[in-house]
Amino acid sequence: MILWTSPHARILVAFAAMALVFIASVRKGDAQFGGDGVLNAVAYKALPRDWPIMVRPLDNSDANLAIQKEFEQQLRALGYTVRPDAPLILSFDTRDEIGAWSDEGRRTVLELEGRGGLIGGDSARARFNLFDSDHGGIMNEGRGSGTNIVTPSRYRLDVSIDDRQSGERLWQAWATAELQQSSGAALTRAMVPGTLQSLGRTVKNLAIGLD
């Protein structure tokens with residue numbers, strides 16, 4: 001079924017409806033990570049078990065401040081004391097490589113048409129596609145339509161622990177995971193517990209859960 005709107009303002013209604021459909025589809029998969037992360041770590045010197053630790057993000061973004069709180073909470077759960085003047089400094093940074101997508105379908109939800117040479121004039125109108133069994137519309141995807149993830153987005157968490165007084169690097173680790181249907185910030189936070197499970201140890205290509 002095709003619904004034709006009247007000119008002018010109803011075009012905005014079409015765009016608003018499109019936005020709602022997009023937001024709903026994103027929220028549907030908000031909490032899904034999919035798969036495990038991979039951790040590598042190198043222990044340069046023994047990590048004093050009874051020394052307090054300070055957590056320091058290299059970038060004070062809102063997302064990293066949330067990750068800082070996650071680090072502090074997990075360290076306390078492991079029995080470490082966390083304080084700003086601690087002799088050990090845990091620094092962390094985050095990176096991402098945005099993936100690529102391809103659209104196999106021919107889905108159309110809105111078509112704009114203008115006559116008389118001036119888009120937005122009296123002859124402008126919007127074609128609002130609610131349902132189409134072949135090509136797909138707002139209410140359905142149609143036959144064969146859909147988006148394929150060609151290259152998933154990959155997120156990385158880099159962590160290091162240094163001796164404040166000597167400046168020596170005691171431990172360094174990096175965890176990576178592919179983004180499925182979650183936000184990048186949530187995925188990075190999910191890598192923190194698994195990373196700290198190997199605190200002070202050397203590991204290679206260790207799978208870590210993202211629960």
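Lys 45 counts as partly exposed because its relative accessibility is 40%, where partly exposed covers the range between buried, which is under 20% relative accessible area, and exposed, which is over 50%, with a 1.4 Å probe and protein chains only. The model is a predicted one, in which local features need pLDDT of at least 70, side-chain atom pairs count only at pLDDT 80 or more, and totals for chains, interfaces and linings use all residues. Residues are numbered from 1 along each chain as its sequence is written, and side-chain values use heavy atoms, with hydrogens and water left out.

Lys 45 forms a salt bridge with Glu 168, and the closest N and O atoms of the two are 3.2 Å apart; a salt bridge here is a side-chain nitrogen of Lys or Arg within 4 Å of a carboxyl oxygen of Asp or Glu. This pair links distant parts of the chain, since Lys 45 lies in the loop between strand E2 (37–43) and strand E3 (53–57), while Glu 168 lies in the loop between strand E9 (154–163) and strand E10 (169–178), 123 residues apart. Glu 168 is likewise partly exposed, at 35% relative accessibility.

| Pair | N to O distance |
|---|---|
| Lys 45 and Glu 168 | 3.2 Å |
| Arg 154 and Glu 178 | 3.1 Å |
| Arg 169 and Asp 162 | 2.3 Å |

Arg 154 forms its salt bridge with Glu 178, and this pair also links distant parts of the chain, with Arg 154 in strand E9 and Glu 178 in strand E10, 24 residues apart. Arg 154 is partly exposed with a relative accessible area of 34%, and Glu 178 is partly exposed with 31%. In the pair of Arg 169 and Asp 162, Arg 169 counts as partly exposed at 33% relative accessibility, whereas Asp 162 is buried, with a relative accessible area of 13%. A network of salt bridges also links Arg 95, Arg 156 and Asp 158.

As for the overall fold, the protein has three helices and eleven strands, where helices (H or I, at least four residues) and strands (E, at least two) are DSSP runs numbered from the N terminus. Of its 211 residues, 36% count as buried. Among the contacts with a separation of 6 or more, 75% are between residues 24 or more positions apart, a contact meaning heavy atoms within 4.5 Å.

Leu 199 touches Leu 47, Leu 75, Tyr 80, Ile 161 and Trp 171, when residues up to four places away in sequence are not counted.

Asn 40 is found in strand E2 and counts as buried at 14% relative accessibility. The side chain of Asn 40 reaches the backbone nitrogen of Asn 205 at 2.8 Å. Leaving aside residues up to four places away in sequence, Asn 40 touches Gln 172, Ala 173, Trp 174, Val 203, Lys 204 and Asn 205.

Terms used. A polar contact is a pair of N or O atoms within 3.5 Å; within protein, one must be able to donate a hydrogen and the other to accept it, and residues adjacent in sequence count only if both atoms are side-chain atoms.
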